[in-house]
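Hello! Here are some friendly notes to read alongside the model, point by point.

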Amino acid sequence: MRKRVVITGLGVVSPNGVGVPAFTEALKNGTSGVKHYPELEALNFSCQLGGIPPLSEEKIAAYFSSLQLKNFQSSGICYGVIAGMDALQDAGLDIAGKTDGALTQFGIVFGTGTSGVEKFREAIYKLDDGLVRRLGSTTVAQTMASGVSAYLGGMIGAGNIVTTNSSACATGTEAILMGYERIAAGKATQMLCGSTCDHGPYVWGGFDAMKVTTYKHNHEPHRASRPMSASASGFVPGSGAGAFLLESLDSARERGATIYAEVLGGAVNSGGQRLEGSMTAPNSEAVQQCIEMALCDAGVTGADIDYINGHLTATVKDPVEIENWCAALKRSGTDFPYINSLKSMVGHCLAASGAVESVAAVLQLYHNFIAPNLNCEDLHPEITRRIDTECIPQQYLETPLKTIVKASFGFGDVNACVIFRKN
Amino acid sequence: MTTEAIYAKLLPIIQGYLPEDVDTSQVHPDSDLTRELNINSAHLVDIVLDVEDTFDVEFANEDMENLRTMNDAIAIIHKKIN
């Protein structure tokens, strides 16, 4: 029989708030973290906006030694380490002592899309100048995909699986499910799971070139990210990290730990880039199957869902996502659950989105509220045709929540869906 | 440049790479950098880069192989700048 898995710690580094208390306040207040960056304008970006977490040098120095910060240029590892170590501390857990062995029951699955792009850029310039010998000792650690889990693993002394997953914008949600499955199978007691994403032009440029970001709101950053709006014209790229300390229910009870929620179950799948699915677009049939499989795995039905934390990026695909939720949950009109998208506040945190948004989802569940959807005063008619406008709160709303669902969909036609329940 | 002058410029470089539990007072000219001072061997390449920048010299692969202590570093630097 599989073990029950609960969340005992959270950590978050978001464009609109760093740390759980600040992020919770930002969620309640609908605080935008989207800003205009002149650097992007100078580089001729169509979308000159972005979401970058506000971090002071003092804050960063509290998590890294001065030696670690020497020639350190990986914003993703920085965000992931801060979120991850915060989740550990939030759970009331200690790192392994210097002279102790590794924590054999503690594992890490911390995902990312790419790592240390600024460091990689610096290395490429040096290398092309014939100076490969000048790259220094940390170029590999900062640019390898598993850099973030490796940094965390060493800081904590993790002795179970320590790895990095990567499934584009589904990465964070997938990481939670990978950790959940490992604990459920009895192969680990505690798993630090989450995802992170570098910020900046070298990560965002490819999306700008694809014209999937918005160019229409450079003069009004807070109004730029418009999920579910009829005037949605593309996403705003973001960055950051979210982290979950997952733990067996038995261990959490034994420790007397605070339990945010239970991970009831979930599913990951792929649309195989078949039907209307492609490298960049989801196959709706697979999206619906993923949600249905998640419900089944969690032992709940669509009728049990009180709130949906959507993927909803502010592109033309938002109405299709709503249609898929309606079909998978078998609910529509006034019967549809509450739904919102954190992306209206922080933009699309790409590989970090699943984790940052899942932290937002669990905080709303734990504190019984729905965060406001910003910038959807003009809801898309294809959305209001299917679900009632009351299901899409535009103001902070207090309401009891018990069972919620979070889904993420990524390039490569990959999907991840997780169900959380108040314990 | 005198040995003393080189040592004075080299010491702060080495100190920057000491593990937190190794005190700077433990650094002597003949201390083994990795075995006695517990400097991560991967950081030897970073120390060399700092030395190159500070003394405007370039270490060859063979120089790296002979680098065990501060005295070794001083000897190599001496040879390069004289």
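1. At what angle do helix α8 (residues 171–184) of chain A and α14(A) pack? Their angle is about 70°, and their axes are 5 Å apart. Axes here are lines fitted to C-alpha atoms, for helices over the stretch in contact, with angles running from 0 to 180 degrees between N-to-C directions. That angle makes α8(A) roughly perpendicular to α14(A) (under 35 degrees counts as roughly parallel, over 145 as roughly antiparallel, 65 to 115 as roughly perpendicular and the rest as oblique). Helices (H or I, at least four residues) and strands (E, at least two) are DSSP runs, numbered from the N terminus.

2. A word on conventions: this is a predicted model, in which local features need pLDDT of at least 70 and side-chain atom pairs count only at pLDDT 80 or more, while totals for chains, interfaces and linings use all residues. Residues are numbered from 1 along each chain as its sequence is written, and chains are lettered from A and ligands numbered from 1 in the order in which they are written.

3. On the α8(A) side, the contact is made by A:Thr171, A:Gly172, A:Thr173, A:Glu174, A:Ala175 and A:Ile176, and on the α14(A) side by A:Ser353, A:Gly354, A:Ala355, A:Val356 and A:Ser358. Contact means C-beta atoms, placed from the backbone, within 7 Å. Sorted by class, there are four nonpolar, six polar and one charged residues (Ala, Val, Leu, Ile, Met, Phe, Trp, Tyr, Cys and Pro are nonpolar, Asp, Glu, Lys and Arg charged, and the others, Gly among them, polar).

4. Helix α1 (residues 20–29) of chain A has A:Val20, A:Phe23, A:Thr24, A:Ala26 and A:Leu27 buried. Because these cover an arc of only 165° around the axis, they sit on the same side of α1(A); the arc is that of the directions from the helix axis to the C-beta atoms. On the other side, A:Pro21 and A:Glu25 are exposed. A residue is buried if 20 or more other C-beta atoms lie within 10 Å of its own, exposed if 12 or fewer, and partly exposed in between, with C-beta atoms placed from the backbone. The cover over the buried residues includes β1 (5–14), β2 (17–18), α4 (75–90), α13 (343–346) and α14 (353–367) of chain A. After α1(A) comes A:Gly30, with a positive phi near 65°.

5. A:Leu350 has a positive phi near 55° and lies in the loop between α13 and α14 of chain A; it counts as buried because it has 31 C-beta neighbours inside 10 Å. A:Asn368 also has a positive phi, near 55°, in the loop between α14 and β12 (369–370) of chain A. With 14 C-beta neighbours inside 10 Å, A:Asn368 is partly exposed.

6. Over in chain B, the axes of helix α1 (residues 3–15) and helix α4 (residues 70–81) come within 10 Å and cross at roughly 125°, so α1(B) is oblique to α4(B). The residues in this contact are B:Thr3, B:Ile6, B:Tyr7, B:Leu10 and B:Ile14 of α1(B), with B:Met70, B:Ala73, B:Ile74, B:Ile77 and B:His78 of α4(B). They divide into eight nonpolar, two polar and no charged.

7. Finally, the two chains meet: five residues of chain A are in contact with eight residues of chain B. The chain A side of this has one nonpolar, three polar and one charged residues.
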